[in-house]
Amino acid sequence: MADAGAGLDRVTADARADEPTKPRVFLTRLIPEPGLTSLREAFEVVGGTEDRPATREELLSNVRDVDAMLCLLTESIDKEVVDATGPRLRVISNMAVGFDNIDVAAATARRIVVTNTPGVLTDATADLTWSLILALSRRVVEGDRLVREGRFPTWGPFVLLGREVFGATLGIVGMGRIGQAVARRAAGFEMPVLYVRRGGPLADADIPCGARWEYREELDDLLRESDIVSLHVPLDQRTRHLIGERELSLMRPGSFLINTSRGPVVDEAALVAALREGELGGAGLDVYEREPELAPGLVGLDNVVLLPHLGSGTRETRGRMAEMAVRNAIAIVRGEGKASVVNPEVL
Ligand code: GLV
């Protein structure tokens, strides 16, 4: 029996030795199915068994001997982490459209490809932006609180009056995929849309038939003319604190600021001050400057709706993001299929 068992062990070991070895991936955090299974089929997976951000120590040690890293926006892949990667690392695949958590310049310097997941989260993020616009304008969260606290004696002509969304002017800062999806939804509310865009005005063919989308050259003009301003720019050196004290002071009294892009696009301390002074009508925030910390004073304000970075947070979208991040990693490591590459100069 013992001999036969030993023989079997040897046969299995020999068979394994014949199997082509899989490339290795460092998964920084548990990701949804079916991406997880696809990742395990294609790679030998290191890490990613728990739903929590990887620690600094895990990042620095697990990047040494892998061909790919699949990370999330909760991990800061800065120069120190990039410099700790071993010579095998070909790709850093981010399960997010934004990639401000990665030092792309450092990765490029080491000829590491960085990929992201655009497109698959556009509609979910646009829907969430609208949840904030409506919740803020119609005081949905305050209303819910009032009912739960037993402070709803009866209908009243002056109870929690909000502001009309229908026909209000919507200003969109950053008219990319998500900005345009937000603007398309505004048609149902018959809202004129103003927009600023790095690349200049959209081509006529990109504007839906009958839509009232007007380009503004200057952000200041958009801020002065809009009732609701919604931010959809990527975070980089040009957009950090794009909305600060001066910009907030240009906004119409009583107007709303919505941010579902990245927290540092807004100077949060200046926002708290503007909301306290009462000039700004309110703010709907899904992202924060020092996420998950909030600027002092923010939670004490009634005229804000605060969400925990839920922009892409539907089952369907998170599933698609994970699948795309896995496909991106496979495409780069195997050199087959398409990847969404943010630093194509390294290819
Ligand atoms: C989410 O915030 C993303 O960038 O995908």
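Contact here means heavy atoms within 4.5 Å, and buried means under 20% relative accessible area (1.4 Å probe, protein chains only). Helices (H or I, at least four residues) and strands (E, at least two) are DSSP runs, numbered from the N terminus. The model is predicted: local features need pLDDT of at least 70, side-chain atom pairs count only at pLDDT 80 or more, and totals for chains, interfaces and linings use all residues. Residues are numbered from 1 along each chain as its sequence is written, and side-chain values use heavy atoms, without hydrogens and water.

Helix α8 spans residues 177-186. Of its 10 residues, 7 are buried, so the helix is largely enclosed by the rest of the structure. They are Ile 178, Gly 179, Gln 180, Ala 181, Val 182, Ala 183 and Ala 186.

The protein as a whole has 12 helices and 12 strands. Buried residues make up 49% of its 347 residues. The C-alpha trace spans about 90 × 50 × 40 Å along its principal axes.

The ligand is surrounded by Leu 73, Ala 96, Val 97, Gly 98, Leu 121, Arg 262, His 309 and Met 321, each with a heavy atom within 4 Å of it. A backbone N or O atom of Val 97 lies 2.8 Å from a ligand oxygen atom. For a backbone N or O atom of Gly 98, the distance to a ligand oxygen atom is 2.9 Å. A side-chain N or O atom of Arg 262 is 2.6 Å from an oxygen atom of the ligand.

Definitions and conventions: Buried means under 20% relative accessible area, exposed over 50%, partly exposed in between (1.4 Å probe, protein chains only). A polar contact is a pair of N or O atoms within 3.5 Å; within protein, one must be able to donate a hydrogen and the other to accept it, and residues adjacent in sequence count only if both atoms are side-chain atoms.
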